[in-house]
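Please report on the structure shown here. Start with the overall fold and then go to individual side chains.

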Amino acid sequence: MLCVREENKKQQIHSVKKEEKETLVFLTSKRETRHIFEKIIADFNESQDDIYVELMAVPNPEQELQIRAIQGEFPDIVEFIGARKDDLVKYVKGGYLQKLDDFSATHCVNEHFLEKLKILNGTYVLPLSVNYRGIFYNKRMLEKDGYQIPSTYAELIHTMQQIKKAGKLPIVFADKDSWTIHQGWDAIDMSSRGSQDNLFQNVLNGTTVLYEDPIALDSTRKFLEIRQYGQKQTINTGYDEAVKKFAKGEAYMFLQGNWAYPIIKKINPYMDLLFMPFPTYKENQARVVAKIDATLGVSAFCKHPEAAEKFLDYVFSKNVSEYYANQAGAYSCIKSVDVADNYAKVFTDSISSGEFFLEEFAYESEKSNARDALFQNLTSSPQTYTERAFLKEWNDLLILQKGA
């Protein structure tokens, strides 16, 4: 009883201290890095006498944010993922986000990335990292079983054929979750094309048709061909299940983005990972493409703007942003951070040297959902499509939704 009373007393003191502090609500959107922010926020709170940051994690953060915006309960700090400009513009035009141009943390960010996020000539979100798509390889397992780590598309197919002949699973796909299904096609297409910005803008402008583009046709063919080496009925496997299968060594490869790295390593900390761009027909010809990933914005209604600025200063400081990048397996947007991700050196070396493409094109939410549904139809019933027929349907969808 004495122990219980003592514990209750401690909790009451902690609660009183929390109420006395300036509280900031932080809405996190990326579940893969949620545990990283839990640690960052806990350390920040421990160091503060006057500020307390409360982490808000919900199943559907985009929907939650829309509801809170309507109800007048917009969180003080919001993590946005993928930086869909249409969503950000709505919040900026609606007066929900405050301008961050004068925030000291803004000057910590590499201008090259910052410039891509300008809205109405202002800075309303600060980028923490960029992401990239490709193939994860279980390096140790491949080498142990005597398989070659592919450097060309032909070698990829050969390696997967050998693994399949041995009765094992070469590669796992996460096709059930709509948000991730198109990422594989992007990884294939971008490694040959580079940025897709011109492709989709030209389709919308009517100067290009998707189903006559040779790279798009080839990407779709590869997208379908490699599924011969995945699990049965890939459409029934969700992202979480696919991550677990790969992390536990049930598959040698995983077609995904680097955002899966922290979850894979959390499940299997000792896994020897290698992450590469999707291999092209010729060795060392794959292009590296990056997209803005996690960004932070501050509510225009924040009651404690100075506290919010102090928290951003903490997050974007060298040590903390370096910790975030290392734990997330991401390339940092912060000037002072020296990125050395050995598992993804092809990507990080290219970005560090400036020999990469920064993707800017982003689907509006409604178009993105329609596109993902189309990909799910393709993977669940591939026999009903030719590459050209699929791309024509996608092309028609883009034109139909133009300006909608």
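## Overall build

The model is predicted. The protein has 18 helices and 13 strands. Its C-alpha trace spans about 65 × 55 × 40 Å along the principal axes. The radius of gyration is 23 Å, which agrees with the value near 22 Å that a compact globule of 404 residues would have.

Buried residues account for 52% of the 404 residues. Of the contacts with a separation of 6 or more, 77% join residues 24 or more positions apart. The accessible surface comes to about 18,900 Å². Carbon and sulfur atoms hold 47% of that surface.

## A buried leucine

Leu312 gives a local view of the interior. Leu312 sits in helix α14, residues 305–315. Its relative accessible area is 0%, so Leu312 is buried. Leaving aside residues up to four places away in sequence, Leu312 touches Phe103, Ala105, Leu126, Leu296 and Val298.

## Aromatic rings

How many aromatic pairs does the structure hold? The count is 32. A pair of aromatic rings is described by the distance of the centres and the angle of the planes. Two of the pairs are taken up here.

Tyr132 and Phe347 make a stacked pair, because their ring centres are 4.6 Å apart and their planes meet at 10°. Tyr132 lies in the loop between β5 (129–131) and β6 (133–138), while Phe347 lies in helix α16 (residues 345–353). The pair therefore ties together parts that are 215 residues apart in sequence. Tyr132 is buried at 0% relative accessibility. Phe347 is buried at 1%.

Phe136 and Tyr343 are stacked as well, with centres 6.5 Å apart and planes at 5°. Phe136 belongs to strand β6, and Tyr343 to the loop between β12 (331–332) and α16. This pair ties together parts that are 207 residues apart in sequence. Phe136 is buried at 0% relative accessibility. Tyr343 counts as buried at 8%.

Both pairs belong to one aromatic cluster, formed by Tyr132, Phe136, Phe246, Phe254, Tyr261, Phe275, Tyr343 and Phe347.

## Charges over rings

| Charged residue | Ring | Distance to ring centre |
|---|---|---|
| Lys222 | Tyr153 | 5.0 Å |
| Arg227 | Phe173 | 4.2 Å |

In the lysine case, the ring is that of Tyr153. In the arginine case, the ring is that of Phe173.

## Cysteines

How many disulfides does a search of the whole structure find? The search finds 0. A disulfide needs the two sulfur atoms within 2.5 Å. Cys333 is likewise in no disulfide, and its nearest cysteine sulfur is that of Cys108.

Is Cys333 buried or exposed? Cys333 is buried, with a relative accessible area of 0%. Cys108 counts as partly exposed, because its relative accessibility is 28%.

## Positive phi angles

Most residues other than glycine have a negative phi. Two residues with positive values follow.

Leu120 has a phi near 50°, a positive value in a residue other than glycine. Leu120 is found in the loop between α5 (111–115) and β4 (125–127). The residue is exposed, with a relative accessible area of 54%.

Asn284 has a phi near 60°, again positive in a residue other than glycine. Its place is the loop between β9 (273–276) and β10 (289–292). Asn284 is exposed, with a relative accessible area of 72%.

Methods: Residues are numbered from 1 along each chain as its sequence is written. This is a predicted model: local features need pLDDT of at least 70, side-chain atom pairs count only at pLDDT 80 or more; totals for chains, interfaces and linings use all residues. Side-chain values use heavy atoms; hydrogens and water are left out. Buried means under 20% relative accessible area, exposed over 50%, partly exposed in between (1.4 Å probe, protein chains only). Rings of Phe, Tyr and Trp (its six-membered ring) pair if their centres lie within 6.5 Å; planes under 30 degrees apart count as stacked, over 60 as edge-to-face and the rest as tilted. Helices (H or I, at least four residues) and strands (E, at least two) are DSSP runs, numbered from the N terminus. A charge sits over a ring if NZ of Lys or CZ of Arg is within 6 Å of the ring centre and within 35 degrees of the ring normal. The radius of gyration is taken over C-alpha atoms; the globule rule is 2.2 Å times the number of residues to the power 0.38. Contact means heavy atoms within 4.5 Å. Accessible areas come from the Shrake-Rupley method with a 1.4 Å probe; for residues, only the protein chains shown count as cover.
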